[in-house]
Amino acid sequence: MNTIHPIDNAALTALLTDHFTWMHRHPELSYEEFETTKRLRAILTAHGIRILDLPMKTGLVAEIGQGESERAQDSRVIALRADIDALPITEATGLPYASECPGKMHACGHDFHTTAVLGAALLLKEHESALPGTVRIVFQPAEEAPGGAKVVLDTGCLQDVTAMFGLHCSPRLDVGTVGITAGPLTASVDRFVITFRGRGTHAAHPEAGIDPIVCAASFIQAAQTIVSRNIEPFDAALVSITHIEAGNTWNVIPDTALVEGTARSMTAENRTLIKERLYALAEGIAAAHGATAAIDWYAGPPATNNTAHWAEVARDIAEAQHLTVIPAPPSLAGEDFAWYQETIPGCFVLVGTGPSIANHNPKFRIRTEALLPTVHFLATFVTQALSI
Ligand code: NI
């Protein structure tokens, strides 16, 4: 681990490549990012970057620019966030720096986010005395859990932040292209588990019981009417049933049937509407058959929501850096950066990392050429955000 002063592009590229390949070889799952955190801490400390003393087991928050005592009343605090966790997937890319941990892989590109934000931190440190405010660098654990964003928010370290920025790699965009959109970019993500409880009986005597499988089948069909019949046709939303389980043989009607799935949408109104309809259908269908429906609802992050002003700033800076700017292709995937955006304005952008099979696939890969332009884009964006 070398300390380089001043950092030129060649030295920065070498450091970034080294860090990226190390991270890719050493993926760690949500809330287990101990080695990743240790290494980030060592690099930041070697470059003289302050690390905040926060109650976080993994992940960390660093600070560059004016400290609390030297900050002027009107100077800003801008936050830049990378997520650092990997996925429980066995890598199949065949890359020379493929994961050395069977069953774990950086298949969502969080190694890229971490490396790019680290690079931006090193560049910002070079110009620290000229920064007209403070930059908080957030290396967030457990985005995939999800919930790592809440760990960071709960420390209170973002209470004075004016605006916050984050990025996600996109295999749908070429290197040198960024996707920037005002408003929602990723969906709210909810998970539900419904247990229909009837009364088990001999398959030859259905009249003596209450069949929960019939309830489940009826519910699964009806759930698809929520998006097609209740949601405004121009809005994006979905209900997917992804797991059903009932019975274990051919001649017994079981007591219960389990149905699990996910509901996603781009607005708070549609999120509430879908939840209410799912409850009404499950409980109504169960009641109509003399059964009951027990519903467990797990609320994930809301939809991300980019502030128009900051999306505009991001677009101007990307164009000035000769990046190709396109509207970010929206997705009903989730992103826990949305929890920051409930209270902090800002912008979440997609950065092109070159054509690849989709994230979360064992053959997903990142083109490392995307690192350097992303580092310069992030560092410039954050610097300008301090004074614009
Ligand atoms: Ni991700």
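Begin by selecting the nickel ion together with Cys-108, His-110 and His-168, whose SG, NE2 and NE2 atoms respectively are its protein donors, at 2.1 to 2.3 Å. Donors here are N, O and S atoms within 2.8 Å of the metal (3.2 Å for Na, K and Ca); water is not among the atoms, so the site may look incomplete. Along the chain the donors follow the spacing C-x1-H-x57-H. The model is predicted: local features need pLDDT of at least 70 and side-chain atom pairs count only at pLDDT 80 or more, while totals for chains, interfaces and linings use all residues. Residues are numbered from 1 along each chain as its sequence is written, and side-chain values use heavy atoms, leaving out hydrogens and water.

Buried means under 20% relative accessible area, exposed over 50%, and partly exposed in between, with a 1.4 Å probe and protein chains only.

Then select Phe-112, Ile-137, Phe-139, Phe-165 and Cys-347, the residues with the most contacts inside the largest nonpolar core, which has 67 residues. Such a core is a set of buried Ala, Val, Leu, Ile, Met, Phe, Trp, Tyr and Cys residues joined through side-chain atoms within 4.5 Å. A separate, second core holds 26 residues, including Ile-226, Ile-231, Ile-274 and Leu-278.

Return to Cys-347 and display its surroundings. Beyond its neighbours within four places in sequence, its contacts (heavy atoms within 4.5 Å) include Met-164, Phe-165, Ile-180, Trp-310, Phe-337 and Phe-381.

Glu-128 is buried, with a relative accessible area of 16%. Neighbours within four places in sequence aside, Glu-128 is in contact with Arg-50, Ile-64 and Gly-65.

Finally, show the whole chain as a cartoon. It has nine helices and 14 strands; these are DSSP runs numbered from the N terminus, helices being H or I of at least four residues and strands E of at least two. The C-alpha trace spans about 80 × 45 × 40 Å along its principal axes. Of the 388 residues, 53% count as buried. Among contacts between residues at least 6 apart in sequence, 81% join residues at least 24 apart.
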